[in-house]
Protein chains: 4
Amino acid sequence: MTKVVILGATGYTALELIKILLRHPHVEITAASTRQEGSPPIHTIHQSLTGRLDLNCEDLTPSEIATRGDFAFCALPHGASTAAIPDLLAGGCRVVDLSADYRLTDPGVYEKWYGLVHTDPTRLGSTVYGLPELYGEGIPDAPLVANPGCYTSTAILGMTPLLCGGFIEPAGIIVDAKSGVSGAGRGLKLGSLYCEVNEAFKAYGVEGHRHQPEIDQVLSDISGESVSVTFIPHLLPMDRGILCTMYPRLKRPATQDELLACMREYYADKPLIRVVDHVPSTKDVAHTSFCHMTVRFNGDQVIVMSVTDNLGKGAAGVAVQNFNIMAGYDETTALI
Amino acid sequence: MTKVVILGATGYTALELIKILLRHPHVEITAASTRQEGSPPIHTIHQSLTGRLDLNCEDLTPSEIATRGDFAFCALPHGASTAAIPDLLAGGCRVVDLSADYRLTDPGVYEKWYGLVHTDPTRLGSTVYGLPELYGEGIPDAPLVANPGCYTSTAILGMTPLLCGGFIEPAGIIVDAKSGVSGAGRGLKLGSLYCEVNEAFKAYGVEGHRHQPEIDQVLSDISGESVSVTFIPHLLPMDRGILCTMYPRLKRPATQDELLACMREYYADKPLIRVVDHVPSTKDVAHTSFCHMTVRFNGDQVIVMSVTDNLGKGAAGVAVQNFNIMAGYDETTALI
Amino acid sequence: MTKVVILGATGYTALELIKILLRHPHVEITAASTRQEGSPPIHTIHQSLTGRLDLNCEDLTPSEIATRGDFAFCALPHGASTAAIPDLLAGGCRVVDLSADYRLTDPGVYEKWYGLVHTDPTRLGSTVYGLPELYGEGIPDAPLVANPGCYTSTAILGMTPLLCGGFIEPAGIIVDAKSGVSGAGRGLKLGSLYCEVNEAFKAYGVEGHRHQPEIDQVLSDISGESVSVTFIPHLLPMDRGILCTMYPRLKRPATQDELLACMREYYADKPLIRVVDHVPSTKDVAHTSFCHMTVRFNGDQVIVMSVTDNLGKGAAGVAVQNFNIMAGYDETTALI
Amino acid sequence: MTKVVILGATGYTALELIKILLRHPHVEITAASTRQEGSPPIHTIHQSLTGRLDLNCEDLTPSEIATRGDFAFCALPHGASTAAIPDLLAGGCRVVDLSADYRLTDPGVYEKWYGLVHTDPTRLGSTVYGLPELYGEGIPDAPLVANPGCYTSTAILGMTPLLCGGFIEPAGIIVDAKSGVSGAGRGLKLGSLYCEVNEAFKAYGVEGHRHQPEIDQVLSDISGESVSVTFIPHLLPMDRGILCTMYPRLKRPATQDELLACMREYYADKPLIRVVDHVPSTKDVAHTSFCHMTVRFNGDQVIVMSVTDNLGKGAAGVAVQNFNIMAGYDETTALI
């Protein structure tokens, strides 16, 4: 059994992570941390865990946490992760970080988009980006993996094959993205209230969203070209699910079958990706760690559609996938 | 044109009130108050009012408000209403109070359920309870009307005919009530977050809810008997609508037709009540000021079902109905 | 009072139409037709009309209908409209047609997209397209007005000012559109079942949707250029509302303020259009006949966002707006 | 590996069953039947199964099915089950029947509520009712298990401890039940359309619902008293989840702690039941096979609240639980 600890246990991502780990045959959750006082039992924070996980949420230091587990899932807000992770690593804990703190390689870009001076910049360049379908070889031995953003994964997984296959232009890709509300977290914000979101739909972050530089960075790195996307997220009146509808420009004439074949070949041995013939719905992958995608033509315009569950493949699912690879378990353990 | 002012303009009830009043041919909204600083234009608080109401939300004293309108709709939290209303009345303003402050006749009961010592107890006994179908004769000349609670109206309207008709026992009436989320207001509460409410259903206030003594008081007053109900509210994953499913005990044998006839006769001349043959849905009355109800037998058990829109007949709609009666307009102006 | 009749009374659009007309001070609904047998009272088809409209749905011929009203709202399926409208017009009835039958000017395009040979092609070229903000001058005297499609109106209203202002290229406009489920009608289709749509989001009609040629036709006509859009609709898990997020290419450098000013000027005297400073939500216009829109830059990419209620400004609201103009009433009667 | 087949593979219950069985380490799904022509691949019926289950839905006779598996899950409509099950059993297949066909012991009661003459009445008395917490001892050796109804399980599990503990009266128990829409199945019914259900709430089956005699039968059998309930179901605007709010009458004075202790003791060794201290939400058990319950007092009135996922513990989850017991696996395999 591998002992794992969870930092930041009160949010939706942590809850999803716990539910997945409870199905994992080789994992024991040994601690859960939160800044809340009084060490509340975790089932008072997440009622659905009543009788399933007998653990109190403790206000622990990173050093204390490092003594409690071999692996840590860090579900803290950005900024808080960099405050905890160096000590976790120093204490011998390997870490999957679900925050944005170690995703971007350039501390200047981080500062611009997150409004914080990065306090652990030397690790930025060397931390592996935890999208196993693209960066799988760096994960088995990594002490720290930066789990990708949910929009980011969905967009990147959809665009990578056609980009690397030389079918599409690296510039001017439009990513019209839509996400369920759980992606906004469990914080008390007016915009997350039921009556603000229900029976409502709108765009947000229209003039620039933090996932845009992350998408550009990864697609550029993976394709060797300078990729720039227009990324426009929207909030869907539902719990979970992301659909990215993407409009790239063709570099050279191609048929739909060629594009589908390119996608299929790229992900041929990837157990959590499905290139499908139909138009995918977010519901097809809800409560799973799968990503479904397809490609279509509308006249001359290529449209790539990619769906994930923002809490699954978009957050907790890929975190456990990364953990499985780091710990030497089958990549899909507890995930399918 | 009657000049009206709105106190507490940031909530959902105030928004609904404004939308109804914008359709009212004899009303001009002359001021809207809020404690927010900076006198924000109202459309920055309620985007849907953009281009429809050109008004800033001001932080006004009750005395200032009284100089701005002939009528005030007071959509403040309980406690805040008693702090404002005496000055509004002293300033010559007639008031429809949408809070709970003047609904209960006994200051001790108010203190028990609202945790506050009532600061204007002398008005408690003399304030008319603003359910026009029951207390219509006291409304035309009232300086102050206490608008009922949303659950309360829905339950009371449904039970009154059979109770006054002598068909049912006053004791042991079970009121299983369900409400949309807008009834919980626009405050930042964990329980009002989209992901807590969506795809979820549960009871709350099970051991006692503030609308229970209000229901008991009004049904006892109107029937002349000592009525006590078991009132169990539930939160529905939807914006608007209340259904009360009520289980009274029959006092004497009766047929369904007799019970329906009793209801129909009681509300024969009431323009906003519909006794229907079918089983009513909350959606039938959503975005209206109507109350639909019916009665059925399941074996020997009588079941009364009554639906309203909690923001309509349950709050803003009945407030405008009260205002219309006070101001001498047709009762249904702007409401049908 | 103007006597109006409604053909095809069982759908959601007809219900919305009736609710609007019940608030109209100069309208009497004199008949409602349906092919259902037995002349059911309309409240058995639409429970919410109980006690509000005392009318049976009759299986009437167009000639009979023409004797019952001065105006007809035709909410029939496409194909059925052309079968009824010539007789309605011959009978002296003026008609607002909510189907697609008279929207397209080219019978070949109609046949391609609707799979039907048009049976009244001579009226195609001469029928006014009922978007009053663009074609208002032809409506007052029109015997027949072709009410636009819901997606169509939302996209066209959003793109017209910038196109006519010479700011954007006519080719390659991407229209990523999202609609609530009521736009799919009340027919029994697997894809309209609650459990298929709820907590789900997907694109449909990706390779070509009927509203695409309609958008192209109208934008080309109004701008004098050959406009072609890529139109990708998506189904939102909610009742009502359309958002079109549109990505045109700039023809010449411009600032956001210039683009907003262009929009504002274009719609300066249009009472149902609001060019807003904020990012609009479908909920802002739900249950209204308003269209809200704005424009933003993301880097160099222009994004136009436009929202309507698909049953309001997208269908029944604009139908009543057209009727008001035809009948000589104020354009916004019963609509604001 | 145990070979299992699924009859009636197109519905929501079958999909849930398949998803659970895909996680089962000892099960291979060897066939899925449907009356649809052309043997469609199952992922064309359930898109979410793409790449997860490579199987065509075949139109098989019961005898053919019996050659394909050791166990059959029968998710056919009532009436169709009795037509298939005798042949399945004769062919050596053991069966979990998810229809209502073998739940009631009296063929007359079955005929009254289902409108069909029972064609296999001799099995009625001897078939075990598949609620393992109550009838667990009969399941290991049963050839056929009658899986309970979803409302039924939720109500029965909640009421049984207090009834068997002698705390409450067997007569006059009010069961106010609320269910998500998936309980209504995947058939094309007007009442299952998104726009009919969304933002709507109403009761149905008010004068008598098929689960009422089933609840009465089981509670009477288990308590040895003649139990009769008033059962009023309501339709919730959500996919999954049942809450039964139940109002029994106390037989003798008791405290809340005594009632909770009675519940806890009754289910002490039951791995899928949780007696909780808080008020349970349907969301706590969504996508699981757990049942959560508690009890409260409101004045003198006892309120029992019990929640399940209607597709989980209410249907597919309990079916797999029954299968596990029949096949000799741990009761909770694939379920927690």
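**Domains, contacts and copies**

Modeller: In chain A, the C-alpha centres of domain 1 and domain 2 lie 24 Å apart. This is a predicted model, in which local features need pLDDT of at least 70, side-chain atom pairs count only at pLDDT 80 or more, and totals for chains, interfaces and linings use all residues. Residues are numbered from 1 along each chain as its sequence is written, while chains are lettered from A and ligands numbered from 1 in the order in which they are written.

Colleague: Which residues make up domain 2 of chain A?

Modeller: The bounds come from an automatic or database domain assignment. Domain 1 of chain A takes 2-148 + 314-327, and domain 2 takes 151-310.

Colleague: Which element gives the largest share of the side of domain 1 of chain A that touches domain 2 of chain A?

Modeller: Two residues are in contact if their C-beta atoms, placed from the backbone, lie within 7 Å; 20 residues of domain 1 of chain A meet 24 residues of domain 2 of chain A in this way. On the domain 1 side, α5 (107-114), α6 (132-135) and α12 (312-327) of chain A each supply at least two residues. Helices (H or I, at least four residues) and strands (E, at least two) are DSSP runs, numbered from the N terminus. The largest share, five residues, comes from α12(A).

Colleague: Is Val227(A) buried or exposed?

Modeller: Val227(A) sits in the loop between α9 (211-223) and β10 (228-235) of chain A. Leaving out residues up to four places away in sequence, its contacts are Leu163(A), Pro170(A), Asp216(A), Leu219(A) and Ser220(A). A residue is buried if 20 or more other C-beta atoms lie within 10 Å of its own, exposed if 12 or fewer, and partly exposed in between, with C-beta atoms placed from the backbone. Val227(A) has 24 C-beta neighbours inside 10 Å, so Val227(A) counts as buried.

Colleague: How does Phe71(A) count by its C-beta neighbours?

Modeller: Phe71(A) belongs to strand β4 (residues 71-74) of chain A. Beyond four places in sequence, Phe71(A) touches Thr2(A), Val4(A), Cys93(A), Arg94(A), Phe323(A) and Ala327(A). Because there are 19 C-beta neighbours inside 10 Å, Phe71(A) counts as partly exposed.

Colleague: In β10(C), which residue is the bridge partner of Ala203(C)?

Modeller: Seven of the eight residues of strand β10 (residues 228-235) of chain C are buried, so the strand is largely enclosed by the rest of the structure. Two strands pair if DSSP finds at least two bridges between them. Strand β8 (residues 171-179) of chain C runs parallel to β10(C) over eight bridges, whereas strand β9 (residues 202-203) of chain C pairs with β10(C) in the antiparallel sense over two bridges. The partner of Ala203(C) in β10(C) is His234(C).

Colleague: Which residue of chain A comes closest to the rotation axis?

Modeller: Copies are superposed by least squares on the C-alpha atoms of residues with pLDDT of at least 70 in both. A rotation of 180° with 0.0 Å of shift along its axis places chain A on chain C (RMSD 0.0 Å). The two copies are therefore related as by a two-fold rotation axis. At 3.3 Å (C-alpha), the closest residue of chain A is Pro237(A).
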